[in-house]
Amino acid sequence: MIVIINEDYQVKVDNYANYALIKAVRDESGVITMFTTKGYYSNLSRAMNACIHLMLEDKYDVMELTQYLDELERLEAKFRPVLKRFREGD
């Protein structure tokens with residue numbers, strides 16, 4: 001099963017409950033040329049948390065600490081409803 005997070009990230013769930021965070025690799029024109037595995041996680045919630053940090057790395061090469069924390073909070077707020085459902089057991 002594939003869980004699509006956004007246009008660049010998805011999580012592949014295999015039969016043994018391994019969660020692989022996958023990122024689309026695009027060429028200069030923006031066309032997806034392949035997918036690369038960014039990491040393996042024990043559950044979807046951990047894969048989502050890792051994805052949030054990778055999204056920041058994609059967007060910025062260098063950040064001040066306060067900017068990093070602000071952007072991290074913005075992304076976490078965006079995904080908070082989804083992550084809250086994982087904590088509640090849904």
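User: Before we start, what does buried mean here?
Analyst: A residue is called buried when its relative accessible area is under 20%, exposed when that area is over 50%, and partly exposed in between. Please also keep in mind that we are looking at a predicted model.

User: Okay, so how many residues of strand S2 are buried?
Analyst: Strand S2, which covers residues 9-13, is mostly covered, since 4 of its 5 residues count as buried. For the protein chain as a whole, buried residues make up 30% of the 90 residues.

User: Which elements does the chain have, and in what order do they run?
Analyst: The protein chain contains 2 helices and 4 strands, and, reading from the N terminus, the elements follow the pattern β-β-β-β-α-α.

User: How are the strands arranged?
Analyst: The 4 strands make an open sheet in the order S1-S2-S3-S4, with antiparallel pairing. S1 and S4 stand at the edges and have a single partner strand each, so one side of each is left without a neighbour in the sheet. From one strand to the next, the twist averages 30°.

User: And what holds strands of a sheet together?
Analyst: In general, strands of a sheet pair through backbone hydrogen bonds, and the pairing can be either parallel or antiparallel.

User: What about S2 and S3?
Analyst: S2 and strand S3, residues 19-26, also run antiparallel, and 5 bridges join them. Among the residue pairs, Tyr 9 has Lys 23 of S3 as its bridge partner, while Val 13 stands opposite Tyr 19 in S3. These two strands form a hairpin as well, with 5 residues between them, and Ala 17 in that turn has a positive phi of about 60°.

User: Let's pick a residue in S4. Where is Thr 36, and what does Thr 36 contact beyond its sequence neighbours?
Analyst: Thr 36 lies in strand S4, which covers residues 32-41. If we leave aside its neighbours within four places in sequence, Thr 36 is in contact with Leu 21, Ile 22, Lys 23 and Val 25.

User: Why is Thr 36 called partly exposed?
Analyst: Thr 36 is called partly exposed because its relative accessible area is 26%, which falls between the 20% and 50% cut-offs.

User: Now the helices: where is Glu 71, and is Glu 71 buried or exposed?
Analyst: Glu 71 sits in helix H2, residues 65-88, and it is buried, because its relative accessible area is 14% and the cut-off for buried is under 20%. Leaving aside neighbours within four places in sequence, Glu 71 is in contact with Leu 56, Lys 59, Tyr 60 and Met 63.

User: Met 63 again, then: how far apart are Thr 36 and Met 63?
Analyst: Thr 36 and Met 63 are 27 residues apart in sequence, and 25 Å apart in space from C-alpha to C-alpha.

User: Last topic: what are the overall dimensions and the surface of the chain?
Analyst: The C-alpha atoms fill a box of roughly 40 × 35 × 15 Å, taken along the principal axes. The accessible surface of the protein chain comes to about 6400 Å², and 51% of that surface belongs to carbon and sulfur atoms.

User: And where do the charges sit?
Analyst: The chain has 12 positive and 15 negative charges, and the mean positions of these two groups are 6 Å apart.

Conventions
Residues are numbered from 1 along each chain as its sequence is written. This is a predicted model: local features need pLDDT of at least 70, side-chain atom pairs count only at pLDDT 80 or more; totals for chains, interfaces and linings use all residues. Side-chain values use heavy atoms; hydrogens and water are left out. Buried means under 20% relative accessible area, exposed over 50%, partly exposed in between (1.4 Å probe, protein chains only). Contact means heavy atoms within 4.5 Å. Two strands pair if DSSP finds at least two bridges between them. Accessible areas come from the Shrake-Rupley method with a 1.4 Å probe; for residues, only the protein chains shown count as cover. Lys and Arg count as positive and Asp and Glu as negative; His and the chain ends are not counted. The place of a charge is taken as NZ of Lys, CZ of Arg, CG of Asp or CD of Glu. Axes are lines fitted to C-alpha atoms, for helices over the stretch in contact, and angles run from 0 to 180 degrees between N-to-C directions.
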